Amino acid sequence: MRVSINQIRDMKKKGEKFTMVTAYDYSTAKIVDESGIPMILVGDSLGMVMLGYETTLPVTMDVMLHHTKAVVRGTQKALIVGDMPFMTYHVNVEDCIRNAGRFIQEAGCQAVKLEGGVSVAEKVRRVVECGIPVMGHIGLTPQSINQFGGFKVQGKTPAAAAKILDDAVALEQAGVFSIVLEVVPTPLATLITEKVSVPTIGIGAGPGCDAQVQIINDILGSYTDFVPKHAKQYLKLSDMIRKALMEYDKEVKEGAFPTEKQSFTMDESLLKELKKK
């Protein structure tokens, strides 16, 4: 049985902190699911950490569906959230509903995530009315990176902070079951967490949020282009992988791999017959 949005809401009511991580493939998602983390975000961040783009903007709906299907196949318990990519919900409500529906119907996830606050609140409301759970996302919204002029902390001025607070309230009223707060000052994130009834999920928003989300590649240390300030590397997986590959290469060159343990035998009489030919 998968985690439900009601269980996520109840965690806030009970004061229970929880986590969400990203995953983009079957094998990783299976490990995350087995670890007990209740929510997995199939983020458009895959454009950067998996596909090598400089931003999330080139990621398409087909790419997101492809990866989301793999994550769903690898999980049994976690609530899977599909991240709606750039320009799949911006033009009109009809596009938004249609693409959100594809995540549920074709990819098999249980919820979708949209970036934006007041500007997308009506679309969120309509999607929720269709029976599709929606996670909001405000603060630093990577799909608006060109407008922000880079990956910068949001909400540092009174006007900007007030706007983010208004965005959070608008999303709550529109019916989201949770809100991601990305790269905003800790006091602002804490205030929003106190003011809204739905769980807040911080990434670079301090410890005052109800939950935390991180890119799994940052947690594992497998993405080496840069490490965000808000991330903590719990492993240096890139070093471990590099060491394993170098050892494999060395053993093959020295004749130490494969051994009989990794090889297969055949009937000796058959081999003798083959040698006669």
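Predicted model: local features only at pLDDT ≥ 70, side-chain atom pairs only at ≥ 80, totals over all residues.
**Entry 1: helix 5 and helix 6**

I looked up how helix 5, residues 93–107, sits against helix 6, residues 121–129. The two pack at an angle of about 45°, and their axes are 9 Å apart. I noted the hand of their crossing as right-handed.

Next I asked which residues of helix 5 and helix 6 meet. From helix 5 I listed Val-93, Cys-96, Ile-97 and Ala-100. From helix 6 I listed Lys-123, Arg-126 and Val-127. Sorted by class, this contact has five nonpolar residues, two charged residues and no polar ones.

**Entry 2: cysteines**

How many does a search of the whole structure find? The search finds zero.

I then checked the distances. A disulfide needs two cysteine sulfur atoms within 2.5 Å. The closest cysteine sulfur to that of Cys-96 belongs to Cys-130 and is 9.1 Å away, which is too far for a bond. Cys-96 has 0% relative accessibility, so I put it down as buried.

For Cys-109, the nearest cysteine sulfur is that of Cys-96, at 13 Å, and Cys-109 is in no disulfide. Cys-109 also counts as buried, because its relative accessibility is 3%.

**Entry 3: a cis peptide bond**

Most peptide bonds are trans. I found that the bond from Phe-257 to Pro-258 is cis, with omega near 0°. Where is Pro-258 found? I placed Pro-258 in the loop between helix 11 (237–254) and helix 12 (268–276).

**Entry 4: positive phi**

Most residues other than glycine have a negative phi.

Met-87 is not a glycine, yet its phi is about 65°. I located Met-87 in the loop between strand 3 (79–83) and helix 5, the helix from Entry 1. Is Met-87 buried, partly exposed or exposed? Its relative accessibility is 43%, so Met-87 counts as partly exposed.

Val-183, also a residue other than glycine, has a positive phi near 50°. The loop that holds Val-183 runs between strand 6 (178–182) and helix 9 (186–195). The cut-off for buried is under 20% relative accessible area. Val-183 has 14%, so I recorded Val-183 as buried.

Technical notes: Residues numbered from 1 in each chain as written. Heavy atoms only, no water. Axes fitted to C-alpha atoms, helices over the stretch in contact; angles between N-to-C directions. Helix = DSSP H or I, 4+ residues; strand = E, 2+ residues; numbered from the N terminus. Left-handed = near helix turned anticlockwise from the far one by under 90°. Contact = heavy atoms within 4.5 Å. Nonpolar A, V, L, I, M, F, W, Y, C, P; charged D, E, K, R; others polar. Buried < 20%, exposed > 50% of the residue type's maximum accessible area, 1.4 Å probe, protein only.
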